[in-house]
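User: I'd like a close look at one spot in this model, and then how that spot sits in the rest of the fold. Here it is.

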Amino acid sequence: NLLRCLLLALAVAGTASWQAALLGDARIGPVLLAVAAGVALDGLVSIGLVRLQREFRFDRFATYQVATRLLNFGATLALAVLWQSYWAIILGTLAAKLLALPLGYA
């Protein structure tokens, strides 16, 4: 999973400037680089979450999902209030992924 996510992240990051030029908007390049970072972070998610699903322990898995959604909402909302920019959505999602990583291993 880690290798797959890293390869996908490299593909997105490697084509970010090309995609921005193709669409005619320079703002897309940095956004795609942030998306690539998020894809790379997805590769670090604990495999224990799959085990919870396989063992039908949906209570703990649901708790994890609700906690990550709340982290995403809180981080994005805080950044939106501070910056009032579309970057709040992008960086809020990245911050939530970073904050959720330890929860998956716990």
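Which residues does Thr-76 touch, not counting residues up to four places away in sequence?

Analyst: Quick ground rules before the answer. This is a predicted model, where local features need pLDDT of at least 70 and side-chain atom pairs count only at pLDDT 80 or more, while totals for chains, interfaces and linings use all residues. Residues are numbered from 1 along each chain as its sequence is written, and side-chain values use heavy atoms, with hydrogens and water left out.

Leaving out residues up to four places away in sequence, Thr-76 touches Ala-88, Ile-89, Gly-92 and Thr-93. A contact here means heavy atoms within 4.5 Å. Thr-76 itself belongs to helix α5, residues 58-83; helices (H or I, at least four residues) and strands (E, at least two) are DSSP runs, numbered from the N terminus. With a relative accessibility of 17%, Thr-76 counts as buried. The scale is: buried is under 20% relative accessible area, exposed is over 50%, and partly exposed is in between, with a 1.4 Å probe and protein chains only.

Those contacts are part of how α5 meets helix α6, which covers residues 87-105. Two packed helices are described by the angle between their axes and the distance between the axes. For α5 and α6 the angle is about 145 degrees and the axes are 8 Å apart. The axes are lines fitted to C-alpha atoms, for helices over the stretch in contact, and angles run from 0 to 180 degrees between N-to-C directions. The crossing of α5 past α6 is right-handed, a label used if the near helix is turned clockwise from the far one by less than a right angle, with anticlockwise being left-handed.

On the α5 side, the residues in this contact include Tyr-64, Leu-71, Asn-72, Thr-76, Leu-79 and Trp-83. Among their partners on α6 are Trp-87, Ile-89, Gly-92, Thr-93, Leu-99 and Leu-103. By class, the α5 and α6 contact has 16 nonpolar, six polar and no charged residues. In this scheme Ala, Val, Leu, Ile, Met, Phe, Trp, Tyr, Cys and Pro are nonpolar, Asp, Glu, Lys and Arg are charged, and the others, Gly among them, are polar.

Asn-72 is another α5 residue worth a look. At 26% relative accessibility, Asn-72 counts as partly exposed. Setting aside residues up to four places away in sequence, Asn-72 touches Gly-92, Thr-93 and Ala-96.

Between α5 and α6 sits a loop that holds Gln-84. Gln-84 is exposed, at 70% relative accessible area, and has a positive phi of about 50 degrees although it is not a glycine. Most residues other than glycine have a negative phi. At the other end, the loop between α4 (48-54) and α5 holds Phe-56, again with a positive phi, near 60 degrees, in a residue other than glycine. Phe-56 is exposed too, at 66% relative accessible area.

In helix α3 you'll find Gly-38, which is buried with a relative accessible area of 4%. Apart from neighbours within four places in sequence, Gly-38 is in contact with Leu-94 and Lys-97. Then there's Ser-46, in the loop between α3 and α4. Ser-46 is buried at 11% relative accessible area and, leaving aside neighbours within four places in sequence, is in contact with Gly-104 and Tyr-105.

α3 (residues 28-42) also packs with helix α1 (residues 2-14), their axes coming within 8 Å and crossing at roughly 175 degrees. That makes α1 roughly antiparallel to α3, given that angles over 145 degrees count as roughly antiparallel, under 35 as roughly parallel, 65 to 115 as roughly perpendicular and the rest as oblique. The residues of the α1 and α3 contact divide into 11 nonpolar, no polar and one charged.

Zooming out, the protein has six helices and zero strands. Its C-alpha trace spans about 50 × 35 × 15 Å along the principal axes. Of the 106 residues, 28% are buried. Among contacts with a separation of 6 or more, 62% join residues 24 or more positions apart. The accessible surface is about 7,000 Å², with 72% of it on carbon and sulfur atoms, computed by the Shrake-Rupley method with a 1.4 Å probe; for residues, only the protein chains shown count as cover.
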